[in-house]
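Q: Could you take a close look at one part of this model for me? I'd like the local details spelled out.

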Amino acid sequence: MFSEAALIQELQFKAVRSSGAGGQHVNKVSSKIELSFDLANSLVFTENQKERLLVKLKHRLTNNGVLLMQCGESRSQHKNKDLIIKRFFALIKASLAVPKKRIRTKIPKSVIRKRLKNKKNLSDKKANRRKPNLD
């Protein structure tokens, strides 16, 4: 598939100040992590894998083919870095996964019979609610 160690070497991290509640701590500490990964110039993936990733992640890539992700959940920079790396690998693995082709199966006759019987019962029930025709 791909080497996670080699992929980590291609990642670039930047620590920035988090936004939101937190008082003075938020104003002083750069705990939010921004991850950037240049998919277009990556050496880890084959051309087929790159094409698949470009199609699957097209809404998350910049015009230059760079994937940007952020994490500012924790007050710790190290925890945020670990979280963003885990999310990145999950995203890459999910994007590279090729779904199995669905094989159509024949509907059993008993299932068809049961469905038609239920339809008939419901039809009879509604027909019995109507006023009788006295002509």
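Let's start with Ser-74: does Ser-74 count as buried or exposed, and at what relative accessibility?

A: Keep in mind that this is a predicted model. Ser-74 has 17% relative accessibility, so it counts as buried, the cut-off being under 20%. As for where that is, Ser-74 belongs to the loop between strand E3 (66-71) and H4. Its side chain reaches the backbone nitrogen of Ser-76, at 3.0 Å. Setting aside neighbours within four places in sequence, Ser-74 touches Ser-31, Lys-79 and Asn-80. Asn-41 is another story: Ser-74 and Asn-41 are 33 residues apart in sequence, and their C-alpha atoms are 31 Å apart in space.

The model has three aromatic pairs. One of them joins Phe-37 and Phe-45, edge-to-face, with 6.2 Å centre to centre and 85 degrees between the planes. Phe-37 and Phe-45 are both buried. Another joins Phe-37 to Phe-88: the ring centres are 5.2 Å apart and the planes sit at 65 degrees, so this pair is edge-to-face too. Since Phe-37 is in strand E2 (residues 32-38) and Phe-88 is in helix H4 (residues 77-96), the pair ties together parts that are 51 residues apart in sequence. Phe-88 is buried, as is Phe-37.

One more ring to look at: the charged end of Lys-81 sits over Phe-13, 4.6 Å from the ring centre.

Terms used:
Residues numbered from 1 in each chain as written. Predicted model: local features only at pLDDT ≥ 70, side-chain atom pairs only at ≥ 80, totals over all residues. Heavy atoms only, no water. Phe/Tyr/Trp six-rings, centres within 6.5 Å; stacked < 30°, edge-to-face > 60°. Buried < 20%, exposed > 50% of the residue type's maximum accessible area, 1.4 Å probe, protein only. Helix = DSSP H or I, 4+ residues; strand = E, 2+ residues; numbered from the N terminus. Lys NZ or Arg CZ within 6 Å of the ring centre and 35° of its normal. Contact = heavy atoms within 4.5 Å. Polar contact = N/O pair within 3.5 Å; in protein donor to acceptor, adjacent residues only side chain to side chain.
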